[in-house]
Amino acid sequence: MSTLSYQTGRRPQPDNARLLRDEVHLLSLLAAGLPVEAVARRLHVCPRTVRRRCRGVCDKIGVSSVIEAVAWAARRRLI
């Protein structure tokens, strides 16, 4: 899995930030080790959309990479 890392003006979010079902599904596919292209095929979107959605999830929960987002979701038993 390539590391998707984002440098944005994000601010840390509270631990009770909520993810949508689609966002959790996206993280679970990435946690399973699927590359962005395979995730895009499964979700019937283009890879750019997957990257944009990952960036949105990272911003939402206040982390800077998909790996951190997956770990965040795993700690909360979402995936």
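Tutor: Buried means under 20% relative accessible area, exposed means over 50%, and partly exposed lies in between. The model before us is a predicted one, and of the 79 residues of the protein, 37% count as buried.

Student: How many helices and strands does the protein have, and in which pattern do they follow along the sequence?

Tutor: There are 4 helices and 0 strands. Read along the sequence, the pattern is α-α-α-α.

Student: What share of the contacts with a separation of 6 or more comes from residues 24 or more positions apart?

Tutor: Such residues account for 66% of those contacts in the protein.

Student: How should I read the crossing of helix α1 and helix α4?

Tutor: One considers the angle between the two axes, where 65 to 115 degrees counts as roughly perpendicular. The axes of α1 (residues 21-31) and α4 (residues 66-75) come within 10 Å and cross at roughly 110 degrees. Therefore α1 is roughly perpendicular to α4.

Student: Which residues of α1 and α4 meet?

Tutor: From α1 there are L27, L30 and A31, and these meet V66, A69, V70 and A73 of α4.

Student: Why do residues three or four places apart in an α-helix point the same way?

Tutor: They do so because an α-helix has 3.6 residues a turn. With that idea in mind, one may look again at the residues listed for α1, namely L27, L30 and A31.

Student: Which residues does A73 touch, not counting residues up to four places away in sequence?

Tutor: A73 touches L27, L78 and I79 on that basis. A73 and L27 are 46 residues apart in sequence, yet their C-alpha atoms are 7.8 Å apart in space.

Student: Which residues of helix α2 are buried, and against which helices do they pack?

Tutor: In α2, which spans residues 36-43, the residues V36, A38, V39 and A40 are buried. The buried residues of α2 pack against α1 and against α3 (47-61).

Student: Where is R77, and what is its phi?

Tutor: R77 is placed in the segment after α4. Its phi is positive, about 60 degrees, although R77 is not a glycine. At 76% relative accessibility, R77 counts as exposed.

Student: How many salt bridges are there?

Tutor: For a salt bridge, a side-chain nitrogen of Lys or Arg must lie within 4 Å of a carboxyl oxygen of Asp or Glu. By this rule the count comes to 2 salt bridges. In one of them, the side chains of E23 and K60 meet at 2.9 Å, N to O. E23 lies in helix α1 and K60 in helix α3, so this pair ties together parts that are 37 residues apart in sequence. E23 is buried, with a relative accessible area of 16%, whereas K60 counts as partly exposed at 29%.

Student: How far apart are the closest N and O atoms of E37 and R51?

Tutor: They are 3.5 Å apart, and E37 forms a salt bridge with R51. Since E37 lies in helix α2 and R51 in helix α3, the pair ties together parts that are 14 residues apart in sequence. E37 is partly exposed at 38% relative accessibility, and R51 is partly exposed at 32%.

Student: How many disulfides are there, and how far apart are the sulfur atoms of C54 and C58?

Tutor: A disulfide requires a pair of cysteine sulfur atoms within 2.5 Å. By this rule the count comes to 0 disulfides. C54 is in no disulfide, and its nearest cysteine sulfur, that of C58, is 6.6 Å away. C58 is likewise in no disulfide. C54 is buried at 2% relative accessible area, and C58 counts as buried at 0%.

Methods
Residues numbered from 1 in each chain as written. Predicted model: local features only at pLDDT ≥ 70, side-chain atom pairs only at ≥ 80, totals over all residues. Heavy atoms only, no water. Axes fitted to C-alpha atoms, helices over the stretch in contact; angles between N-to-C directions. Helix = DSSP H or I, 4+ residues; strand = E, 2+ residues; numbered from the N terminus. Parallel < 35°, antiparallel > 145°, perpendicular 65-115°, else oblique. Contact = heavy atoms within 4.5 Å. Buried < 20%, exposed > 50% of the residue type's maximum accessible area, 1.4 Å probe, protein only.
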